[in-house]
Structures are given as structure tokens and as C-alpha cells.
Amino acid sequence: MTSEEIIRLAKKHTIFEWSPQGTFDPLPIARAKGVYFWTPEGKRYLDFNSQLMCVNIGHADERVVRAIQEQAAVLPYANPFLATEPRAKLGAKLAELTPGDIDVFFFTNGGAEANENAFKIARAFTGRQKILARYRSYHGATAAAINATGDPRRWSQPPMPGIIHVLDPYHGIERGWESVEQSLSYLEEVIQLEGPQTIAAFILESVTGTNGILVPRDGYMQGVRALCDTYGILMICDEVMSGFGRTGAWFAIDHWDVVPDIITMAKGLTSAYVQLGAVGVRQKIADYFVKTPFPSGLTYNSHPLACATALATIAVIEEDDLVDRARHTGRLMADLLTDLASRHRSVGAVRSIGLFGIVELVRNRSTMEPMAPFNGTSAEMAALSKFFRDEGLYTIVRWNYFFTNPPLPITEAELRDGFEIIDRALEITDTAVV
């Protein structure tokens, strides 16, 4: 099919997420390989966002494709009450990779369901009902996950009892960061005012993703862990975006040597080749369900095709040393981001850890007025997005920022190619600076 045919049929018979359907202009894609994808007519795009921060190993890796084909030929599906080899091996492998004594896993269809089930587990284990979450967060679009989400995508849904939001250490480009001490003092006050005996868990992204690549200051995660221990609250780390090498560690929380009680994952678990999420729990939580029925179930729980895909993906990450590679290439990306900030007056802030990066744009470096308002856009940001698309760079432009999250195997030359396009694009936003 041509691009025009694909777009016409897709818009007529399918719905694109989070967008007004009439004005949405989808980009048609026919094939992908490595760090690139192509339209049906052959225009090439450098994937600078790993699609939705998920294709960590790059597109169409033959080793994973072969594993999918082989599993589909032998056992494409088994119901979740049966034990399969891919399920058994994946559980054991994740127990090796995850922090501390997180040794037991429940497999889901994706990240949102992983977080939904993390809440169920926390409530069952603690006997408490409230879930703390942060405002600058995204945890998925299903019922409880979207309520735990703090960003504006939550606004369209009725509030769910038992979800309590707290402020982040970061308060936007104009106000910036507060100290670790201030953040933890505020968090403890909220816990006390809500009643610690009513709070089952605190969910937080180890590194916040779509709401700004917010890398916590040293001491923050350790402080959250200590507060949770003090008040008997379970710490849930959402690693859906930041896991599987993205930050230069297997999981972002590893950077701070903290062991959460529950960890959730998806995306990079299979490099998004096949849908899969997981909830990992510490042994004390798993032991609770030895005699107590587990409070959830899914038709596609522990899907053998997905589990086989995850095993193959993890093998690629190990064979190609992609965790260390993300750390190494991430240092170069940090330098390139710093260089952009030094030469472009519209760049108000850059942040990155590994190959998880962002550029925030401003109209005035003195006042730090953002280039677009919170939950809004501007002519300059729209023009920037169009320039990226015209020049063959694919990334997400959101509010006053855009992402630099390429697949982990990206070469130095490919990374520099992307930044060369960004460098030229920022001339658009520089003209708007006071």
C-alpha cells in the first residue's frame, strides 16, 4: 500500500491515541531495521525516540525475530494455569537481573497492567488501601493506572478513591528543583497527614519519562526508601520506560543502590517486539500468597510467545553489551546536549542519564518562560516538530520539550547525525527568544 492508502484506511477504521482524530497526521511506516524506519515510498527516518522509548535493542534484530518464529511454531499459546519453558526461564532470568531479593514475577500484557496489578498486590499484602503517586508521572491508561498518573491525561477520567498525588522535587523549567531535604520533608508531612496506616504503597518512576526525564538527585531515592520502611509503606518503582539498559543500568533504580518492594516493567523487556509486562516482588511479598489466593488474573498472563521474545531480547542485550554501551554512548550524548545548550539561546535545560535524554526550550533565559505552556503547544514547537519530520528525524515533541532516546545500539556517527538535525532545527526556536 502507498502512504496515502495506509493513512486513509487507518484514519477511517482505527483510532489514534490521545489525539483529535480529525487533525491528527500519522506518519506511515512500512519497515524498520536497526535505528531506522522507512515509509512505503522509501523515506528514511532516524528513530530518536525508540518509538515510545521501547525498542531498546533496535528494530528487527534477527535473533529475536528467529526466536519468535521458533516459539510460534512450537507453542504459540498456553493458558496461564499451565507451566511452560519460556515462562519458567524468564522468571528465573529476571530474578538474576532485578535488584535485591525481587525473585517472583507476575506477567501482564504491558506496563499499565503491570502497575494495576502492583496496586492489587500492595493492597492485599498490607491490608491498606491508599496509593501515593507523583504529579509529574505517567503510569498507564487503564483505570487505576491513569488515576495514579499525575499528568493531564488523567484529567478526562473521574477520580478514583484511594489515589493521593504528591509534588515532585522538580517544579517546571521556571522554578526548577528543590533540595532533597525539602522534598523528603514534604513527603513525610503528606504521609503523616494522610495517615501512614492507610497507605499501601508509593509508586514512582525511577527516572520520570514522558514528564521530563527527571533524574532524581542523590539521596532522594534512598530517602524515599527510608520513609517507606519507617511507615510500613511498599515502594513501587515503575521501570516501564527506564528499564533494560535505557539509563546505562539494567534498571534505573540500580544507580542509587535501592531495592524497591515491587518493580514494574514492560517496553524494553521485549524491545516491544511482542506485548509483555511484568510485576516483580520481593520474597516476603511472594510468601504472603503461598496460602492466600493471588488477587488477579489475565488470559495472556505468561504468554509463551511473549516470554520467549523477552528471553531473546535479554540475550541480545547481554551478547551486545548494550547496558555498558548505553552508559558509554550516553556520556557522548550528554556532551552533545551540553553543547546545544551552550550555543542555542532557546535551550533552557538539558537532562540525560544513559540514552534517556530531553531538551527543554524557553523564550527567555532570564525568566525561563517555557517555549510552550504546560499542557499546550506553540507555533515554534509545531514548526520544530515539522522540521524534524521533514528532515527524517523521528522523536516526540511535547509541550516545551523534545526527547533524545535512540535505540541502545546507536553508533557515534548515527548519534551525531541526529544532533546535526537538532542543531539546525533549534534555529527556529532561537528566533523566538527575547
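In this predicted model, an open sheet is built from four strands, ordered E1-E2-E3-E14, with mixed pairing. The edges are taken by strand E1 (31-33) and strand E14 (393-394). Each of these two has a single partner strand, so one side of each lacks a neighbour in the sheet. E1 runs antiparallel to strand E2 (residues 36-38), and three bridges join the two. Across this pairing, lysine 33 stands opposite tyrosine 36 in E2.

A helix pair was examined next. Helix H11 (residues 322-343) and helix H13 (residues 412-430) have axes that come within 11 Å and cross at roughly 15°. Because angles under 35 degrees count as roughly parallel, H11 is roughly parallel to H13. The crossing of H11 with H13 is right-handed. On the H11 side, the contact involves Thr329, Leu332, Met333, Leu336, Leu337, Leu340 and Arg343. These residues meet Glu412, Leu415, Arg416, Phe419, Ile422, Asp423 and Leu426 in H13. By class, the residues of this contact divide into nine nonpolar, one polar and four charged.

Attention then turned to a single loop residue. Proline 152 lies in the loop between helix H6 (143-148) and strand E6 (163-166). Its relative accessibility is 11%, so proline 152 counts as buried; the cut-off for buried is under 20%. Leaving aside residues up to four places away in sequence, proline 152 touches Phe374, Asn375 and Trp399. Methionine 368 is 216 residues from proline 152 in sequence. In space, the two are 22 Å apart, C-alpha to C-alpha.

Key. Residues are numbered from 1 along each chain as its sequence is written. This is a predicted model: local features need pLDDT of at least 70, side-chain atom pairs count only at pLDDT 80 or more; totals for chains, interfaces and linings use all residues. Side-chain values use heavy atoms; hydrogens and water are left out. Axes are lines fitted to C-alpha atoms, for helices over the stretch in contact, and angles run from 0 to 180 degrees between N-to-C directions. Angles under 35 degrees count as roughly parallel, over 145 as roughly antiparallel, 65 to 115 as roughly perpendicular and the rest as oblique. A crossing is left-handed if the near helix is turned anticlockwise from the far one by less than a right angle, and right-handed if clockwise. Contact means heavy atoms within 4.5 Å. Ala, Val, Leu, Ile, Met, Phe, Trp, Tyr, Cys and Pro count as nonpolar, Asp, Glu, Lys and Arg as charged, and the others, Gly among them, as polar. Two strands pair if DSSP finds at least two bridges between them. Buried means under 20% relative accessible area, exposed over 50%, partly exposed in between (1.4 Å probe, protein chains only).
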